[in-house]
Amino acid sequence: LDDAKASINPFYWDRYKKLLLQNGLPKDVVISTDTVTDKILSRLGNPNKNVAWDRRGMVVGHVQSGKTANYTGLICKAADAGYRLIIVIAGIHNNLRNQTQARIDEGFIGRDTGRSQETNKGNAKHVIGVGRFDASNTPVSLTNTLRDFNKATASTNTSEIDSYKVPVVLVIKKNHRTLANLLDWLKDNSARGDQLMIDQPMLLIDDEADNASINTKKPNFDPSTINRLVKELLSLFDKNAYIGYTATPFANVLIDVENTEDLFPR
C-alpha cells in the first residue's frame, strides 16, 4: 500500500474524513482511524493485480467503540484503491441492516437510498452526508434503507453500473435466503455472459462475525448454512477479501486450525 499510495486518489476517504470532523469527532480520533484503516487495507489484496488472490482477516474492537465508523472508512479507502464490489453483511435482524445501510449512505454513498427509491427519479438524488462535499462519482447501491437485496431490483439497477466506473455496494442481512438470492443473482449474471461483475475485486465485510458465521457442524461434511453460503460467495470471485468485525472473537479464534477451508483463524 505504501508504494501504491502515490497513485491513489483518496476521493471517498477525503469526503468521509471531512464528514467525521464536521460531525464533531476529535481530530486525534480521525487521525487514528486513518492510521488503522491504512493498516487493515495494507493487508488486503491489491485490487489492481490481474492475478487471483484471496485474503481472510478479522478486526477486533471494543463494544460500542466505533466499528461501523471504522469499516465505513475502510470501504472508502478500498474503493479509492480500486475495489469495485463491496458487500457488507450486517446483523441478523432487519433493523440492524437498515441502520447499517443508513450509515453507509451517509459515509460512503452520499445519498439517501430509501428516499431515492421512493421517488424513483434520476434527478432526485436526495444528497446527504459525504455527498454534500462532492456528489460526483456516487457509488451504486443495490440495496437501500427500505429493503434488503432483491434480485428484481438489483437487475433493474445494473444499467447504472456502467462498466464499474464507480463502486457497487450492497448491505445485506445475515440471512440464508438473502445470501442464497445474492448467489443466484451473481450466477445468473455470469451465466448470461456478464462476467464483469465477478471479475471485479470484491471486499466482503462480515459485521458481528461471531454471530451466525461460525460453522457449528462437521467442517467438511455438513457446514452450517450461513458459513457455507459466505464461503460460496467468496469462491465466486477470483480476487476477494473477507474481513470479520467483532467485539467478541473467542468463537472465531478457536476454530480448528487444521480446517484450512474455514473463514478463521487463517
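# Helix packing and aromatic contacts

Helix 1 and helix 3 are roughly antiparallel to each other, because their packing angle of about 150° lies over the 145 degrees that set the limit for this class. The model is predicted. Helix 1 also meets helix 4, through residues that include Tyr12 and Tyr16. The structure holds six aromatic pairs, and one of them joins Trp53 to Tyr83.

**Helix 1 against helix 3**

- Helix 1 covers residues 11–22, and its axis runs 6 Å from that of helix 3.
- On the helix 1 side, the contact is made by Phe11, Tyr12, Trp13 and Tyr16.
- On the helix 3 side, the partners are Ala69, Thr72, Gly73, Cys76, Lys77, Ala79 and Asp80.
- Sorted by class, the contact of helix 1 with helix 3 comprises seven nonpolar, two polar and two charged residues.
- Two residues named in this contact, Trp13 and Lys77, also form a charge-over-ring arrangement: Lys77 lies over the face of Trp13, 4.4 Å from the ring centre.

**Helix 1 against helix 4**

- The axes of helix 1 and helix 4 come within 8 Å and cross at roughly 115°.
- Helix 1 is therefore roughly perpendicular to helix 4, as the class runs from 65 to 115 degrees.
- The residues of the contact of helix 1 with helix 4 divide into five nonpolar, one polar and two charged.
- Helix 1 supplies Tyr12, Arg15, Tyr16 and Leu19 to this contact.
- Helix 4 supplies Glu106, Gly107, Phe108 and Ile109.
- Tyr12 and Tyr16 are named in the contact with helix 3 and also in the contact with helix 4.

**Aromatic pairs**

- A pair of aromatic rings is described by the distance of the centres and the angle of the planes.
- For Trp53 and Tyr83 the ring centres are 6.0 Å apart and the planes stand at 70°, so the pair is edge-to-face; the cut-off for that class is over 60 degrees.
- Trp53 belongs to strand 1 (residues 53–60), while Tyr83 sits in the loop between helix 3 (67–81) and strand 2 (85–89), so the pair ties together parts that are 30 residues apart in sequence.
- Both partners fall under the 20% limit for burial: Trp53 is buried at 7% relative accessibility, and Tyr83 is buried at 0%.
- Ring pairs also link Phe11, Tyr12 and Phe108 into a cluster.

**Arg111 and its loop**

- Arg111 is found in the loop between helix 4 (94–109) and helix 5 (113–119).
- Arg111 has a relative accessible area of 10% and counts as buried.
- The C-alpha atoms of Arg111 and Arg132 are 8.9 Å apart in space, and the two residues are 21 apart in sequence.

- Glu208 lies in the loop between strand 5 (202–207) and helix 9 (225–235).
- The phi of Glu208 is near 55°, a positive value in a residue other than glycine.
- Glu208 is partly exposed, at 30% relative accessible area.
- Ala212 is placed in the loop between strand 5 and helix 9.
- Ala212 has a positive phi of about 75°, although it is not a glycine.
- The relative accessible area of Ala212 is 31%, so Ala212 is partly exposed.

Technical notes. Residues numbered from 1 in each chain as written. Predicted model: local features only at pLDDT ≥ 70, side-chain atom pairs only at ≥ 80, totals over all residues. Heavy atoms only, no water. Phe/Tyr/Trp six-rings, centres within 6.5 Å; stacked < 30°, edge-to-face > 60°. Helix = DSSP H or I, 4+ residues; strand = E, 2+ residues; numbered from the N terminus. Buried < 20%, exposed > 50% of the residue type's maximum accessible area, 1.4 Å probe, protein only. Lys NZ or Arg CZ within 6 Å of the ring centre and 35° of its normal. Axes fitted to C-alpha atoms, helices over the stretch in contact; angles between N-to-C directions. Parallel < 35°, antiparallel > 145°, perpendicular 65-115°, else oblique. Contact = heavy atoms within 4.5 Å. Nonpolar A, V, L, I, M, F, W, Y, C, P; charged D, E, K, R; others polar.
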